[in-house]
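Dear colleague,

Please find the structure below, together with its sequence.

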Amino acid sequence: MIVCPNCKHQEADGAIFCGECGMQLVQYGVGETQRFNTATSELGNIPTPNASPQSQAWISLHLLDSGQILPVSDRIEFTMGRVSENQPIMPDVDLSSFKAFDNGVSRLHAVIRNNSGNIVIMDLGSSNGTYINGTRIVPNIEQPLRHGDILALGKLKMQVVLS
């Protein structure tokens with residue numbers, strides 16, 4: 001078993017990310033990598049991940065600065081943000097280890113939902129905004145997300161990879 005250093009959740013050996021908080025459990029570049037097929041989407045040469053029997057994630061986030069890919073969640077809804085001391089509410093996906101504070105990510109920044117195959121994001125009233133392909137979205141109103149979209153929480157940019 002691997003114990004998450006962030007939330008102390010136990011994961012099976014070989015896990016790369018914590019299923020509870022999203023924290024990366026192994027150093028980048030260590031362990032197995034996921035093979036991508038070369039199928040193209042309607043947006044061009046954006047790789048689509050092969051379905052893995054171990055991963056039930058319907059969405060992954062490709063962090064553009066580091067190149068890391070976060071297979072985010074097997075839930076139909078999750079919040080993203082950063083952990084702060086003495087904060088009673090924690091996001092489902094903690095982006096603190098990716099310089100979230102420096103990039104203007106709020107504690108509870110945004111929520112992503114899978115509404116029967118329609119993927120949407122909603123800004124939760126963040127201080128520095130949420131952007132889809134460079135356009136700021138209106139807080140508290142769901143906006144559609146598509147495979148290949150560039151999502152920015154403040155200045156933290158990631159590409160949406162849908163399975």
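Strands S7 and S8 (residues 118–123) pair in the antiparallel sense over 6 bridges; strands here are DSSP runs of E of at least two residues, numbered from the N terminus, and two strands pair if DSSP finds at least two bridges between them. This is a predicted model, in which local features need pLDDT of at least 70 and side-chain atom pairs count only at pLDDT 80 or more, whereas totals for chains, interfaces and linings use all residues. Residues are numbered from 1 along each chain as its sequence is written, and side-chain values use heavy atoms, with hydrogens and water left out.

Within this pairing, Ile112 has Ile121 in S8 as its bridge partner. The hairpin of S7 and S8 has 2 residues between the strands, and Ser116 takes a positive phi near 55° there. S7 also pairs with strand S5 (residues 77–81), again in the antiparallel sense, over 5 bridges. Gly81 stands opposite Leu108 of S7. Because 6 of its 8 residues are buried, S7 is largely enclosed by the rest of the structure; buried means under 20% relative accessible area, exposed over 50%, and partly exposed in between (1.4 Å probe, protein chains only).

Two further residues other than glycine deserve mention for their backbone. Lys99, in the loop between strand S6 (93–94) and strand S7 (108–115), has a positive phi near 60°. Lys99 is exposed, with a relative accessible area of 58%. Asn140, in the loop between strand S10 (135–136) and S11, has a positive phi of about 65° and is likewise exposed, at 52% relative accessibility. For context, most residues other than glycine have a negative phi.

The second largest pocket holds about 160 Å³ of space. Of its 12 lining residues, the closest to its centre are Asp65, Ser66, Ser97, Phe98 and Lys99. A pocket is an open set of points on a 1 Å grid over the protein atoms alone, where a 1.4 Å probe fits, with protein on both sides within 12 Å along at least five of seven lines; lining residues have an atom within 4 Å of a point.

Finally, His147 lies in the loop between strand S11 (143–144) and strand S12 (150–153). His147 is buried, with a relative accessible area of 14%, and its side chain reaches the backbone nitrogen of Leu162 at 3.1 Å.

Yours sincerely

Notes:
Helix = DSSP H or I, 4+ residues; strand = E, 2+ residues; numbered from the N terminus. Polar contact = N/O pair within 3.5 Å; in protein donor to acceptor, adjacent residues only side chain to side chain. Points joined across faces, edges and corners; volume = space filled by probe spheres on them.
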